[in-house]
Amino acid sequence: MDSRAIIDRLFTETAADREELRHLLSDEEEDTQEYLAQKAREVSRRTFGRQVYLRGLIEFSNYCKNDCKYCGIRRSNRNAERYRLTEEEILSCCEIGDKLGFRTFVLQSGEDPYYTDEKMADLIRKIKRRFPKNAVTLSIGEKERESYELYYRAGADRYLLRHETADEEHYRLLHPEEMSLKNRKRCLFDLKEIGYQVGCGIMVGSPYQTMEHILEDLFFMKELEPHMIGIGPFITQKDTPFSEFPDGSVKLTLKLLSILRLLFPKALLPATTALGTLDPMGREKGILAGANVLMPNLSPKDVRKKYALYDNKICTGDEAAECKRCLAARIEKIGYEIAETRGDYGESSHCI
Ligand code: SAH
């Protein structure tokens, strides 16, 4: 099999079969990687021009009732210093973000029962009333369909819920017994049906992950047809059961970003903070591999270190304004610019 031919078919037909994808994933040649990135960039420029969308991330609570084995804010981690922001504090993050030009707020947290459905819906309504032009994205984990419906009616626009892995057995190795892939998938399909723009995704190089799992992930994504796909390398967190596992690979993450761009030309693909944590130029490389979204941190400076999903997370010492300035400068350097619109799925269709 010829990698170039596979990439060309991906480019023209947005399709590949399992063998072709397997071949591409195991081809370690620099030339292949470069050709893949070049084609992915071409697609992303055709769809989005040189515009990169910003999503302001507000990490509003690190309390979590779940116990995912990879995650630093799992409930069993006694070393995690817990915090939760008040409604006023969250609104003030939005205020700062809005002034900085963010048109999307991403509310992310552990699965914190303190924020009941009513509290969440109330908060969403307040944000939408004050910032009617802005999109609200939720990333607060698995809920009942009724809860998702309630948030949607309150004005939430999008929902991020990484599926983490599409393989049953692998899912069980990463999660506590009471969680299931079946429910995670149920959540994603419910969210889509309700009308959210939905994001799924995986950690690249998570413990026990094999190439076959990644292939399964790609086929699951084709089935779900998400609007957004968030992938980043797994990063070891010292207080978790996975503290002895190595970090995921930046190179494989970049390669997967390019494959995703070719398989899903219009999808919103973030160059994640995890990618920037393992490589100082990781986010820039992500954009050049086909990503088109950045998610700078809008959380108050004093809580950022506490939202420690993994070790050595970057940007924990900067104010939101500094983060924005830094990112704008970084992407300008590689010839891109920050978009001023909300960046909804299917919003933009540029010509090269
Ligand atoms: N509680 C929410 C938000 C989870 S945090 C939810 O369940 O969706 C967001 C994402 O961070 C997770 O989906 C996971 O993929 C990622 N993450 C968690 N621990 C990580 C680690 N050690 N390395 C890299 N990414 C991690």
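The notes below look at the ligand and its surroundings, then at a pair of helices. Please keep in mind that this is a predicted model.

**Around the ligand**
- The ligand is surrounded by 16 residues, and the closest are Tyr-70, Ser-109, Arg-162, Glu-164 and Ile-235.
- Sorted by class, this shell holds nine nonpolar, four polar and three charged residues.

- Arg-162 has a side-chain N or O atom 3.0 Å from an oxygen atom of the ligand.
- Arg-184 also places a polar side-chain atom 3.5 Å from an oxygen atom of the ligand.
- Ile-235 takes part through its backbone: an N or O atom there lies 2.7 Å from a nitrogen atom of the ligand.
- On its own the ligand would expose 560 Å², and the protein buries 91% of that.

**Helices α1 and α3**
- Helix α1 covers residues 3–13 and helix α3 covers residues 30–48; their axes come within 10 Å and cross at roughly 10°.
- Angles under 35 degrees count as roughly parallel, so α1 and α3 are roughly parallel to each other.
- From α1, Ser-3, Arg-4, Ile-7, Asp-8 and Phe-11 meet residues of α3, including Thr-32, Tyr-35, Leu-36 and Lys-39.
- By class, this contact between α1 and α3 has five nonpolar, two polar and five charged residues.

Key. Residues are numbered from 1 along each chain as its sequence is written. This is a predicted model: local features need pLDDT of at least 70, side-chain atom pairs count only at pLDDT 80 or more; totals for chains, interfaces and linings use all residues. Side-chain values use heavy atoms; hydrogens and water are left out. A residue is near a molecule or strand if one of its heavy atoms lies within 4 Å of it. A polar contact is a pair of N or O atoms within 3.5 Å; within protein, one must be able to donate a hydrogen and the other to accept it, and residues adjacent in sequence count only if both atoms are side-chain atoms. Accessible areas come from the Shrake-Rupley method with a 1.4 Å probe; for residues, only the protein chains shown count as cover. Ala, Val, Leu, Ile, Met, Phe, Trp, Tyr, Cys and Pro count as nonpolar, Asp, Glu, Lys and Arg as charged, and the others, Gly among them, as polar. Axes are lines fitted to C-alpha atoms, for helices over the stretch in contact, and angles run from 0 to 180 degrees between N-to-C directions. Helices (H or I, at least four residues) and strands (E, at least two) are DSSP runs, numbered from the N terminus. Angles under 35 degrees count as roughly parallel, over 145 as roughly antiparallel, 65 to 115 as roughly perpendicular and the rest as oblique. Contact means heavy atoms within 4.5 Å.
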